[in-house]
2 protein chains.
Amino acid sequence: MPSLTQAEKAQRFLSLHHGPKILLLPNAWDVASACIFEDAGFPAVATSSAGVANSLGYPDGQKISRGEMLEVVSRIARALSVPVTADMEAGYGTTPDEMAETARLVIEAGAVGLNLEDSVSEGSDKLCDIPLQQEKIRAMVEMGKKLGVPLVINARTDIYLEEIGEPASRVEATAKRLNAYREAGASSLFAPGPKDAPTIEKLIRAVHGPLNILALKGGPSARELEKLGVARVSIGSGPMRASMGLTSRLAKHLRDVGTFDPMFEGQMTYIDANRLFERH
Amino acid sequence: MPSLTQAEKAQRFLSLHHGPKILLLPNAWDVASACIFEDAGFPAVATSSAGVANSLGYPDGQKISRGEMLEVVSRIARALSVPVTADMEAGYGTTPDEMAETARLVIEAGAVGLNLEDSVSEGSDKLCDIPLQQEKIRAMVEMGKKLGVPLVINARTDIYLEEIGEPASRVEATAKRLNAYREAGASSLFAPGPKDAPTIEKLIRAVHGPLNILALKGGPSARELEKLGVARVSIGSGPMRASMGLTSRLAKHLRDVGTFDPMFEGQMTYIDANRLFERH
């Protein structure tokens, strides 16, 4: 869809949260992976903050700067025709004004959506106070309106990831936060962590808006999540880490065995790779 | 070796071309792959021009700018302790002065070696005239001396890749060019293309300097190349394209099957990935 304006892409992306099918969102970490996902037919592509950070040599968790993260987002958004949404971690700031600036830069980079998490710092069991997190979301929504791009904000709560509170209290705590974020203008509500169908069903009933679930090992398939009523599923940094796992195995094979055939097995040919990037 | 100066790294890298063992050089395309290769114990890491270009969304063949290529080289060189050598294609210019500037920028990026090919343009059967290619190499060597970093120039001829001249004439044509490049100051002589032992043996005898061979499907293993007398073997963009092949298969599986387990098979864990980048 090369003729869509950025505002139209945002609307198109939003509508994918309300269609008959679940929105299965692959997370890219460089332009190559983003082009591969678009070519496979996904109607939108997300970035993985962990994947982008790792690719540039940083651990996950806002160790990368906002500028470096957005440079990758911008390269990806320029290369693709489908809508792109950016994982912006906790927004690279603490105040609503800083969130507005992050939203402005995301739009400038060509993306039409962003993820904003409520963790205060990595591994901390403290989440941002709900009223402040709402203000942050409102500031981002306002910036989108101001710039004429209805930014699709995917508000994430880390109740499950940070294991906050008693397990039995987490559905309610998650719903409380996500519903507050929805009220502040978030278009999509992200609860990464739960992977059993009964918990996800409870969340679906308690959350008043499109629910986003993270794909997890041993968790339900995309079709099962769709049946449960999940609106969006993110695959996260899995493919990037599968890629790093493969590179690590190839490196050890080269070092220990010294034959080259494994790196040719199942590889994208030189010609196909060049064709892919000539198209984009 | 975090305490080595850049000049010492250059000397160390040069000495690896003259040791008892073949120098097996893995080619990285981003900081993640470079860190994985260093962690596997390789004594030096190269970049893959095709891999870096693809990762940023460009086809191979100088479609990427010199600045973008060097930004990746610089990130990789900053993250690693071992010597880094940069694939600079045809040097991103046509004159000896432009080559001197490319050499200066490579050193500024923290690398201690570079690849320079003699193709005039992609897919052309015309190579740079030998005297001009010698002048280019001399300009790069001089810049290294001026900056106090004895740059390890890996001079490549594309006689085989571009299939220039009758097959029977190629050993001689390759040796003529590589010996001229050696005379101009190249430390390593790169003849990508041949993969049968008899041809490689003939090249070894005809070329007066350390010979670099490209790892190819069905070609000799590192040990076989070492026995033949090859000084250096480059693995090229194989691991990056293996990675893109894997991403493409994962994308199709997600699209067609919608289960998530394949991306968890053999992946680097989130914790191991973070640890890897905390160390670098």
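This is a predicted model: local features need pLDDT of at least 70, side-chain atom pairs count only at pLDDT 80 or more; totals for chains, interfaces and linings use all residues.
Me: What is the distance between the closest N and O atoms of A:Glu117 and A:Arg156?
Reply: Side chains of opposite charge can pair when their charged atoms come close. A:Glu117 and A:Arg156 form a salt bridge, and the separation of their closest N and O atoms is 3.2 Å.

Me: How many residues apart are A:Glu117 and A:Arg156, and which strands hold them?
Reply: The salt bridge of A:Glu117 with A:Arg156 links distant parts of the chain, at a spacing of 39 residues. A:Glu117 belongs to strand β5 of chain A, and A:Arg156 belongs to chain A's strand β6.

Me: Which N-to-O distance is found for the salt bridge of A:Glu108 and A:Arg104?
Reply: Both residues belong to helix α5 of chain A and are 4 residues apart, about one turn of the helix. An α-helix has 3.6 residues a turn, so residues three or four places apart point the same way. The side chains of A:Glu108 and A:Arg104 meet in a salt bridge with an N-to-O distance of 2.9 Å.

Me: What accessibility class does A:Arg104 have?
Reply: The exposed class requires over 50% relative accessible area, and the buried class under 20%. A:Glu108, at 57%, counts as exposed. A:Arg104 has a relative accessible area of 28% and so is classed as partly exposed.

Me: What separates A:Glu71 and A:Arg75 along helix α4 of chain A?
Reply: The side chains of A:Glu71 and A:Arg75 meet in a salt bridge at 3.6 Å, N to O. Because the two residues are 4 places apart in helix α4 of chain A, their separation is about one helical turn.

Me: Is A:Arg75 buried or exposed?
Reply: A:Glu71 has 32% relative accessibility and counts as partly exposed. For A:Arg75 the value is 14%, so this residue counts as buried.

Me: Which residue of chain B meets A:Arg75 in a salt bridge?
Reply: The count between chain A and chain B is 2 salt bridges, while over all chains the count comes to 22. In the pair that involves A:Arg75, the side chains meet at 2.9 Å, N to O, and the partner is B:Glu68.

Me: Which element gives the most to the side of chain A that touches chain B?
Reply: Across the interface, 28 residue pairs are in polar contact. The elements that give two or more residues to this side of chain A include α4 (66–79), α10 (238–256) and α12 (270–279). With 17 residues, the element that gives the most is α10(A).

Me: How many nonpolar residues does the side of chain A that touches chain B have?
Reply: The contact takes 66 residues from chain A and 66 residues from chain B. By class, chain A's side has 14 charged and 17 polar residues, and the nonpolar count is 35.

Me: How many of the 19 residues of α10(A) are buried?
Reply: The 19 residues of α10(A) should span 27 Å at 1.5 Å a residue, and the end C-alpha atoms are 27 Å apart, so the two values agree. Just after this helix, A:Gly258 takes a positive phi of about 80 degrees. α10(A) is mostly covered, with a buried count of 14.

Me: Which residue just after α6(A) takes a positive phi?
Reply: Helix α6 of chain A has 18 residues and reaches 26 Å from first to last C-alpha, close to the 26 Å expected. Its buried residues, among them A:Ile137, A:Met140 and A:Val141, pack against α5, β5, β6 and α7 of chain A. Just after the helix, phi is positive, about 75 degrees, at A:Gly148.

Me: Which residue has its backbone nitrogen 2.9 Å from a polar side-chain atom of A:Thr47?
Reply: A:Thr47 lies in strand β3 of chain A and, at 1% relative accessible area, is buried. Beyond four places in sequence, A:Thr47 touches residues including A:Asn27, A:Val52 and A:Ile76. The backbone nitrogen at 2.9 Å belongs to A:Asp87.

Definitions and conventions. Residues are numbered from 1 along each chain as its sequence is written. Chains are lettered from A and ligands numbered from 1 in the order in which they are written. Side-chain values use heavy atoms; hydrogens and water are left out. Buried means under 20% relative accessible area, exposed over 50%, partly exposed in between (1.4 Å probe, protein chains only). A polar contact is a pair of N or O atoms within 3.5 Å; within protein, one must be able to donate a hydrogen and the other to accept it, and residues adjacent in sequence count only if both atoms are side-chain atoms. Contact means heavy atoms within 4.5 Å. A salt bridge is a side-chain nitrogen of Lys or Arg within 4 Å of a carboxyl oxygen of Asp or Glu. Ala, Val, Leu, Ile, Met, Phe, Trp, Tyr, Cys and Pro count as nonpolar, Asp, Glu, Lys and Arg as charged, and the others, Gly among them, as polar. The expected span of a helix is 1.5 Å times one less than its number of residues.
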